[in-house]
Amino acid sequence: MAALAGFATLPGAFLMSPLSSAATANALERLKPSPRMPVLFVGHGSPMNAIEDNAWRRAWQSMGTELRARGTPPQLILCISAHWLTRGGWQLTGMAAPRTIHDFGGFPQALFDQQYPAPGAPVVAAGLAGELRSPATGQPLGVDAGEWGLDHGTWSVLKPMYPAADIPVLQLSMDYGGPPAEHYALGRQLRRLRERGVLIVGSGNIVHNLRVTRRGTAPTEAYDWAVEFDIVVQNQIKQGELDALQHFQRLGPVAQQAHPSHEHYLPLLYAAAAADAREMPRFFNTGYQSASISMRSVLWG
């Protein structure tokens with residue numbers, strides 16, 4: 001697997017400029033009550049999955065077809081990606097036209113040519129930032145009006161699911177300095193958005209260790225520790241023990257092997273917290289990439 005550029009951490013300063021009426025004239029301005037939207041956690045794996053005709057991408061396409069066939073489309077997609085990490089607080093993208101970010105290196109030009117021109121929703125972002133509260137401080141979230149956009153954790157999975165790119169997309173950053181319990185707590189606040197037309201998507205991997213990847217392995221092949229960690233998480237989800245997911249570090253060495261750094265696990269906490277433990281989860285893409293990346297994905301609702 002080609003080397004990724006690593007997870008990105010933005011500097012502390014974010015643009016907070018006023019929203020211009022021209023930029024938001026055609027944007028989503030408010031969320032309306034709706035039937036409860038589903039919640040997704042998607043294992044995104046290698047960026048190449050965005051352009052290769054493989055089983056992972058085909059499953060994303062099938063899931064998108066299924067979701068689009070439901071009676072009410074989302075008004076907004078809120079994505080929590082492993083690749084937008086901030087320090088000292090959480091941020092929501094607040095630009096009208098978020099750029100497609102190619103946050104990786106060493107891949108073919110075809111991957112860098114990919115674009116996902118979904119609109120943003122600046123007015124909604126500002127409103128949600130005021131509603132949501134930092135679990136650490138109780139303060140409103142910040143709005144990033146120009147620094148970030150849609151990184152590959154978001155567009156690589158949304159493009160196969162929603163290829164028309166006609167649904168506004170916001171990204172929520174993750175304050176990487178906060179303990180897992182704070183990420184789960186913020187995810188609980190997202191639950192109520194499901195009844196306001198928001199499709200919540202966490203994008204990461206249940207197991208993610210790039211240090212020991214093995215190219216060419218079958219989806220059924222993985223390290224013993226990868227399988228062990230994946231099974232523990234699978235069982236917690238199946239049994240509705242969603243609160244237990246935030247305590248993954250108690251698994252000790254197997255958790256350290258599964259996540260030398262845990263930014264790819266954290267998006268699962270947001271998705272699981274936004275789900276209801278009584279909702280029956282459905283797993284898809286239940287296999288491994290390069291022996292050390294679990295592609296297991298989950299749909300609630």
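Reader: In which sense do strand 2 and strand 9 pair, and over how many bridges?

Author: This is a predicted model, in which local features need pLDDT of at least 70 and side-chain atom pairs count only at pLDDT 80 or more, while totals for chains, interfaces and linings use all residues. Residues are numbered from 1 along each chain as its sequence is written, and side-chain values use heavy atoms, with hydrogens and water left out. Strands (E, at least two residues) and helices (H or I, at least four) are DSSP runs numbered from the N terminus, and two strands pair if DSSP finds at least two bridges between them. Strand 2, residues 39–43, pairs with strand 9 in the parallel sense, over five bridges.

Reader: Which residue of strand 9 stands opposite L40, and which opposite C79?

Author: L40 has its opposite residue in strand 9, namely V201. C79 also faces a residue of strand 9. For L40 the residue is V201, and for C79 it is likewise V201.

Reader: How many bridges join strand 3 to strand 9?

Author: Strand 3 covers residues 76–81, and strand 9 covers residues 198–204. The two run parallel, and I77 stands opposite L199 in strand 9. The number of bridges that join them is six.

Reader: Over how many bridges does strand 3 pair with strand 7?

Author: Strand 7 comprises residues 169–171 and pairs with strand 3 in the parallel sense. Within this pairing, L78 stands opposite L170. The number of bridges is three.

Reader: How many residues of strand 9 are buried?

Author: Buried means under 20% relative accessible area, exposed means over 50%, and partly exposed lies in between, with a 1.4 Å probe and protein chains only. From strand 9, V198, I200, G202 and G204 point one way and L199, V201 and S203 the other, and all are buried. The strand is thus described as mostly covered, the number of buried residues being seven of its seven.

Reader: Which residues of strand 3 point the opposite way from L76, L78 and I80?

Author: Strand 3 is mostly covered, with six of its six residues buried. L76, L78 and I80 point one way, and the residues on the other side are buried as well. Those that point the other way are I77, C79 and S81.

Reader: What is the relative accessible area of A165, which has a positive phi although it is not a glycine?

Author: Most residues other than glycine have a negative phi. A165 has a positive phi of about 50°, and A165 lies in the loop between helix 4 (152–161) and strand 7. A165 is buried, and its relative accessible area is 7%.

Reader: What is the relative accessible area of A291?

Author: A291 is not a glycine, yet has a positive phi of about 70°. A291 lies in the loop between strand 11 (288–289) and strand 12 (293–294). A291 is buried, with a relative accessible area of 0%.

Reader: Why is the protein said to be as compact as a globular protein of its length, and what is its radius of gyration?

Author: The protein has eight helices and 13 strands. The radius of gyration is taken over C-alpha atoms, and the globule rule is 2.2 Å times the number of residues to the power 0.38. For 301 residues the rule gives 19 Å, and the radius of gyration of the protein is close to that value, so the protein is as compact as a globular protein of that length; the radius is 18 Å.

Reader: What percentage of the residues in the protein is buried?

Author: The C-alpha trace spans about 55 × 40 × 40 Å along its principal axes. Of the 301 residues, the buried ones make up 57%.
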